[in-house]
Structure formats: structure tokens, C-alpha cells
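This report covers a protein model, going from domains to chain contacts and then to local packing.

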2 protein chains.
Amino acid sequence: MLLNSERLFAGMKQESLDAIVATMPENVTYASGFWAMSQWIRRGPQAYVLTPGPGRGEPAVIASTGLIDLVADADVWVKDIRRFGKFIVDRTPGVDLDRQDQRIEALLAEEDCGDAVGALVKVIKERGLQNARIGVDEIGILPQYWDKLAEMLPQATLVRAADVFRYARAIKTPEEIARLRQSARIADMSITAALAVAREGATEMDLARAFHTKTIVEGGLPVLGCIGVGTRSAMTNVQPTERVLRRGDVIRFDVGGRYQHYRADIARNAVLGEPPEKMVRYHKAICAGLDRAIAMIKPGVRAADVFNAAVETVRREGLSHYQRSHVGHGIGLDGYDAPNIAPSSKDVFEEGMVICVETPYYEMGFAGLQVEDTLVVTKDGVDSFMISGTELRVL
Amino acid sequence: MLLNSERLFAGMKQESLDAIVATMPENVTYASGFWAMSQWIRRGPQAYVLTPGPGRGEPAVIASTGLIDLVADADVWVKDIRRFGKFIVDRTPGVDLDRQDQRIEALLAEEDCGDAVGALVKVIKERGLQNARIGVDEIGILPQYWDKLAEMLPQATLVRAADVFRYARAIKTPEEIARLRQSARIADMSITAALAVAREGATEMDLARAFHTKTIVEGGLPVLGCIGVGTRSAMTNVQPTERVLRRGDVIRFDVGGRYQHYRADIARNAVLGEPPEKMVRYHKAICAGLDRAIAMIKPGVRAADVFNAAVETVRREGLSHYQRSHVGHGIGLDGYDAPNIAPSSKDVFEEGMVICVETPYYEMGFAGLQVEDTLVVTKDGVDSFMISGTELRVL
């Protein structure tokens with residue numbers, strides 16, 4: 001299961017919520033296993049998951065009828081499904097259906113609740129929550145739908161609650177950790193695949209195509225593909241172009257796809273030919289900062305302390321003017337989960353957090369250098385997901 | 001340019017708007033050329049474009065400092081950029097920067113406006129729009145940011161305006177049409193590439209990998225990949241699995257990626273071995289419905305009339321019980337732009353609309369059959385983007 005229900009209930013308790021409603025795609029998938037495709041690939045389509053607090057009733061998924069086949073998927077663990085809207089699916093008479101089609105047929109036979117909010121209100125009332133304090137993830141619900149919800153539940157108290165999901169998602173379940181590990185490994189293998197085509201005359205786009213193709217072959221889907229060479233590597237979000245790779249060019253990857261909906265975000269550098277002394281020194285410094293951060297991380301350690309130690313280490317080890325706003329973040333269904341490894345962060349590491357730790361350095365006129373590892377916080381330290389080392393690979 | 005400013009101004013005039021603010025990624029890119037990466041690959045990050053009405057001042061982009069290199073991109077035609085937030089980028093002293101890095105350096109030298117709404121309010125006041133009627137695309141702005149905007153502009157009238165952008169986006173510019181044409185062609189070539197690996201023993205995932213890899217090789221990125229075989233093809237949003245292709249299996253593709261941010265959405269069918277008579281007949285019927293719809297489309301024709309003609313044709317040509325909720329939709333930066341080809345639609349075709357026309361049929365226990373073409377409405381008809389025909393390809 002993706003949902004850490006214990007943690008979600010703890011977050012709800014902190015905010016005195018009787019129930020919580022997921023509305024953004026990441027939270028809908030997280031709270032139910034339901035991958036509401038149209039919501040993932042567009043902005044606006046509505047899908048919700050109602051999760052009542054302990055003892056307040058069963059969770060329910062609210063889905064448009066056009067997505068009902070995805071709700072019938074084996075990965076969806078919420079059993080109470082409410083559908084809305086017209087969508088036509090026929091059925092061959094007299095033929096036995098397989099298990100999934102039987103489930104689809106049963107769901108189509110249920111009542112059409114009209115619209116998303118109507119369906120949500122219906123199930124909230126059935127659970128006796130019409131007077132309750134209900135947290136609503138404010139990121140995925142359209143404002144006119146929020147207004148309608150408030151109007152149809154005049155006795156309920158509606159509270160913005162995206163942060164409660166963010167709090168819950170910070171501690172990953174074993175299934176989430178397995179997916180994130182594979183997602184990071186696919187990204188790592190994809191960098192190696194891209195470097196296999198890196199030679200004089202190859203373009204950034206050639207590297208990107210090799211990178212994304214490997215991600216596809218390994219069962220992932222492309223998302224983040226910042227790949228730049230030469231001085232272009234200093235652009236934070238560099239997008240691949242027809243720029244040709246020349247001797248002496250550095251290559252910076254800040255990349256990662258999705259695997260079973262879970263994100264990857266890692267970074268590595270290579271250089272075509274012998275790197276100048278400055279590049280070697282700077283790269284060693286950022287690697288030392290990364291190593292220092294990773295060595296410190298274990299349950300109970302403050303994220304702000306790790307930030308400070310990482311930055312100090314980079315400065316001491318050869319990049320004396322190094323500055324950063326953060327040196328890492330959680331990752332999961334969203335590319336930036338809690339914790340935030342920043343100087344003002346109040347976050348403390350806990351077992352089960354999956355984290356991207358990074359020490360990027362961008363210098364216009366020179367290069368962008370960046371190492372970023374992904375790892376899970378264990379009982380007494382960390383377990384890295386990485387295959388490759390952080391060294392500046394000389395091609 | 002992506003923006004059809006004439007149409008946007010007409011939509012603003014209908015709603016008596018003095019200015020409009022884009023907030024969702026599709027509209028931010030549309031109104032400025034700025035691809036605000038973090039907003040595209042996550043939910044929550046804020047980026048805005050203010051577009052004043054004619055004679056009310058220049059447009060402005062509001063971007064986080066961490067995305068400033070993407071604002072410096074040559075494709076961004078809006079010149080007034082306001083940045084917010086801390087992000088560190090160094091610079092080699094004494095070295096000449098290239099044009100794009102010079103632009104980044106200049107933008108970094110500008111004031112940090114603190115946060116997204118602060119930056120937006122600042123430019124609204126500079127334009128003298130603090131008492132104006134301002135349309136705000138309500139889909140991408142977080143509700144707490146909307147509240148803050150209203151609080152900081154007590155004399156302004158804020159109106160939800162996502163529909164004004166939807167209205168503007170319906171009529172494509174030549175640059176948009178060129179991108180959409182290529183996006184559709186890439187999807188079409190990718191189906192052919194997938195069918196090249198379709199043989200007994202190949203899996204749905206094998207087809208998907210071949211499909212997406214071709215999309216990558218042609219410069220696109222995967223988005224929509226509904227690929228199902230046998231009775232699984234009847235699932236509307238079928239996601240590829242390890243299900244093995246057997247003789248007699250139909251294959252349904254409802255697929256399309258992005259090319260330069262513009263979506264594709266096309267559908268085709270193939271069958272491994274000779275199809276049964278019922279499948280041939282049904283497939284001919286849906287093709288006839290599609291042909292009838294396409295033959296009717298030209299400026300001035302009502303979308304509802306095209307819907308009725310398409311459904312009637314499918315029924316008459318061999319699928320007498322055919323029912324549908326719509327037979328197509330616009331496409332652009334969003335996968336579902338206006339118009340909507342549905343029975344209750346008030347939309348009328350206009351020159352420059354890019355449209356997906358489709359006649360899908362889903363029968364559980366049998367198969368899903370679907371043909372979907374993409375085309376642009378011309379002065380007196382349509383110009384198709386498709387390479388392949390709609391015929392049921394027998395493998």
C-alpha cells in the first residue's frame with residue numbers, strides 16, 4: 001500500500017480533522033492507489049478520495065465514469081467507489097467477463113452521482129460527517145467546486161489540508177520505498193546510457209534521447225531532463241538543444257523520470273577529455289559536501305544542521321565562496337516532498353524518509369557542477385539507491 | 001508566437017476585463033512563451049503572466065528566481081520579467097558571457113520581489129491597474145495566493161477567467177498549428193513503430209516501449225499511452241501490462257505525446273491475423289462515422305450537428321446501437337481545448353481550430369475499436385495532420 005495511514009491519521013489529529021479529502025493527483029493516488037489519468041495529464045479534471053478518521057467510516061473514491069476502468073484496477077485498495085458523469089461502454093451479451101471487466105460492469109451499474117462535488121457530498125453525508133471538520137487538499141479542487149462544497153455542507157467546517165498530506169507522505173511505506181529505489185536506479189542507468197553516446201559531435205539532444213529511451217526501456221516515463229554541455233551546463237534548468245559536444249566540455253545531468261508514478265531526481269557530471277584543475281577541485285569539493293551530508297543523516301538529526309555541515313564542507317574542500325538555498329528535499333509521488341534540507345528548515349530526519357541530497361554549483365561562463373543522490377533514512381543511517389559513484393566521469 | 005492576442009483581447013472584452021493573469025502552466029506558456037518547468041512537472045509552484053488589455057501597458061512575466069534561465073530563453077517574447085525568491089548563481093569574473101547568460105545576469109541583477117503575489121501586485125500597480133477589473137485564471141493559483149492578491153488589491157475586482165484563456169486558445173496561430181501537426185505526425189509514426197514489434201508473444205509493454213521510444217527519437221515526450229490488446233482493448237484508459245499478444249487479438253492505440261509542449265491524441269487499431277466479420281463491420285462503421293464528421297467540418301458548421309451526423313452514420317453503417325457522449329475536441333497545449341463536439345455543444349467551427357475527431361466504441365467481452373484523427377480547420381474545410389489511414393491494419 002502507498003498510504004501511510006498511521007501518519008495520515010496523526011497529521012489529521014494535529015489539525016483536529018474528522019476526515020480529509022485528497023484532490024490533487026499525487027494525493028488521490030496516495031490515498032487510494034487510483035491513478036486518475038486525466039487529472040495527471042491535464043489541469044482541471046476532478047477526482048477525490050475521502051478518508052474519514054479512525055472509527056469514522058470507510059474511505060471512498062470519487063471518479064468520473066470515463067475513468068472507471070482505472071478504478072477497477074487491482075492496485076486500488078479503496079472499495080467504495082462513487083462515479084459521476086455519462087460515459088458509454090457496451091458489453092457482449094452472453095459472454096463471461098474476466099475479473100476486471102466484472103468489476104467495471106458492477107461499477108457502471110451503480111448510480112451516476114451527477115458531478116464530482118455531488119458525489120463527494122453524498123458520501124460525506126452517508127458517513128455522518130456533514131457537521132464535521134473536514135480537511136480538503138486545496139491544490140487539486142477547482143475554486144468553484146470548493147464554493148459548491150461549502151454551500152452544500154453548510155454545517156461542516158472546511159479547512160485547507162494539502163500540508164497534512166505532505167506531512168503524511170514524508171514517511172514512505174515499503175511499497176513506496178521499493179518504487180522510489182527502482183525509479184532512482186532507472187535514472188542512474190539512463191545517465192550511463194546517455195554517456196555511452198557522448199562523443200565529439202554528439203548533441204545535447206542526442207544525450208537526451210539516449211537518456212529518455214533507456215528510461216522507457218526500463219519501464220519508466222520521462223519527466224525531468226536537464227542536460228547541458230559546456231557553459232550551458234551552468235543554466236539551472238538547462239533544456240537540451242542541438243548544441244554540439246566538444247573536447248573539454250563538461251556535461252551536467254539533473255534528471256529523473258517516473259516509475260509506477262514515483263519520481264526520480266539525481267545528478268551527475270562527466271567531461272569530454274581531461275578536465276581543468278579548477279573543475280576537478282570544485283567537483284571534489286561538492287562531492288565532499290554531499291558525502292558529509294549523507295554521513296550525518298539518521299533519525300533525530302536536524303535538516304538545518306545537515307545543510308550547514310554540507311555548505312561548510314564544500315567551502316573548506318576547495319570552493320570557498322559556495323552558497324546554497326538548500327541541499328536537498330524529500331521525493332515521492334511529488335518531486336519535492338518533505339523534508340526540506342535548508343538553513344531555516346524545522347524538519348528532523350525520520351526513518352522511512354526518502355531524500356534527494358544535492359550540492360549543485362552554477363557558474364556562468366564556466367560550468368554547472370552537481371551531484372545528487374537519492375536514499376532512504378534507516379533506523380541508524382541511510383541506505384543509498386545509487387548505482388554509480390559521484391566522481392566526475394572523464395570520457 | 002503562440003498567443004493569439006487578438007482573440008485573447010476579444011475574450012477579455014466580452015468579460016469587460018482590463019487585464020488578465022495566466023496561472024496554470026498551459027496558460028503561462030501560451031501568454032509568454034515561458035515554459036515554467038517546475039509548474040509543469042509539479043502542482044503548486046507559482047508562475048504568472050499579466051496581460052493588460054490594448055493600451056493598458058506591456059505584459060509581464062512573474063517567475064521564481066530558480067527558473068530565470070528559462071525566462072532568458074529565446075522563445076519568450078514578453079520582455080518585462082519580475083523575479084521572486086533567493087537562488088544562487090555564480091559567474092566567472094572577467095570572462096565574456098554569451099547572449100543568453102548576459103540576459104540571465106541582467107535578470108538576476110533586478111530586484112527580488114519576495115514572493116509571487118508580491119511581484120504580481122507590484123507590476124499591476126505600476127500599470128495603474130489597481131482599481132481595474134482583472135481576470136485571473138483560477139486553475140493554477142493557490143487559493144491562499146488568490147486571497148492574498150484580493151487583500152493587497154482592495155480596489156480591484158478579481159474575476160475567475162480560465163475560460164477566457166480557453167476561448168483564446170481555441171483558434172491557433174501558425175506556430176501552434178506547425179507544432180500540433182508535428183506532434184500528431186510523431187504519434188502516428190510511433191504507432192507504426194509499435195506495430196513493427198507486434199507479433200505473437202509480444203506484450204502490451206513491448207508495444208508501449210516501441211511507441212514511446214519512437215516518440216523520443218522524433219523529439220517528442222510521452223504523455224498518453226493507452227495501448228491494450230484482446231478484450232483489454234475495451235477498457236477506455238487501458239494501461240499496458242505484460243499481457244501477451246495472441247493470434248486474433250485486436251490492438252487499440254489511444255495515444256500521443258508532446259512536441260514543443262503541444263499535445264497529440266490520435267487512435268488506430270490493428271489485428272493479429274484475420275479479424276472476425278463482426279470486428280470488420282464495426283470498424284468500418286466507426287470509420288464511416290469519422291469520415292462523415294470530417295467531411296462536414298468547415299467554418300460556420302455547428303459542432304452539435306457534426307456529432308449527430310457522426311453517430312447516425314456509425315449506426316447506419318453497421319453498428320446500430322452506437323452511442324457516444326462526444327466525437328471529438330480541440331487540442332493544443334492542453335489535451336482538451338475548445339471546441340467540444342458533443343450533442344449539447346454550442347460551439348461552432350472556426351478557421352484555425354485544431355481538432356481531434358474520434359468515434360470510439362468499447363464493448364466488454366469483445367474489443368475496443370477507435371479511430372481518431374487530428375486536423376486543422378481551414379477557410380473552406382479541413383487539412384489533416386495524419387500520415388496513416390484509419391483502416392483496421394491486419395498484421
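## Domains of chain A

What does the domain assignment of chain A give? The assignment gives domain 1 (5-169) and domain 2 (174-394), with bounds taken from an automatic or database domain assignment. The model is predicted: local features need pLDDT of at least 70, side-chain atom pairs count only at pLDDT 80 or more, and totals for chains, interfaces and linings use all residues. Residues are numbered from 1 along each chain as its sequence is written, while chains are lettered from A and ligands numbered from 1 in the order in which they are written.

The C-alpha centres of domain 1 and domain 2 of chain A lie 35 Å apart. Seven residues of domain 1 of chain A are in contact with six residues of domain 2 of chain A (contact: C-beta atoms, placed from the backbone, within 7 Å). On the domain 1 side, α2 (25-32) and α8 (162-169) of chain A are the elements that give two or more residues; helices are DSSP runs of H or I with at least four residues, strands are runs of E with at least two, and both are numbered from the N terminus. That side divides into three nonpolar, one polar and three charged residues (nonpolar: Ala, Val, Leu, Ile, Met, Phe, Trp, Tyr, Cys and Pro; charged: Asp, Glu, Lys and Arg; polar: the others, Gly among them).

## Contact between the chains

The contact takes 55 residues from chain A and 56 residues from chain B. Of the elements of chain A, α10(A) gives the most to this side, with five residues. By class, the side of chain A has 26 nonpolar, 13 polar and 16 charged residues.

Strand pairing also links the chains: β15(A) and β5 (residues 90-91) of chain B pair in the parallel sense over two bridges, where pairing requires at least two DSSP bridges. Glu363(A) stands opposite Asp90(B) in β5(B).

## Sheet and helices of chain B

An open, mixed sheet of six strands in chain B has the order β4-β3-β2-β1-β6-β7. β4 (80-84) and β7 (157-160) of chain B stand at the edges with a single partner strand each, so one side of each is left without a neighbour in the sheet. β6 (residues 133-136) of chain B and β7(B) pair in the parallel sense over four bridges, and Val136(B) has Arg160(B) as its bridge partner in β7(B).

The axes of α1 (residues 5-14) and α8 (residues 162-169) of chain B come within 8 Å and cross at roughly 140 degrees (axes: lines fitted to C-alpha atoms, for helices over the stretch in contact; angles: 0 to 180 degrees between N-to-C directions). The contact is made by Arg7(B), Leu8(B), Gly11(B) and Met12(B) of α1(B) and Val164(B), Tyr167(B) and Ala168(B) of α8(B).

Conventions: Contact = placed C-beta atoms within 7 Å.
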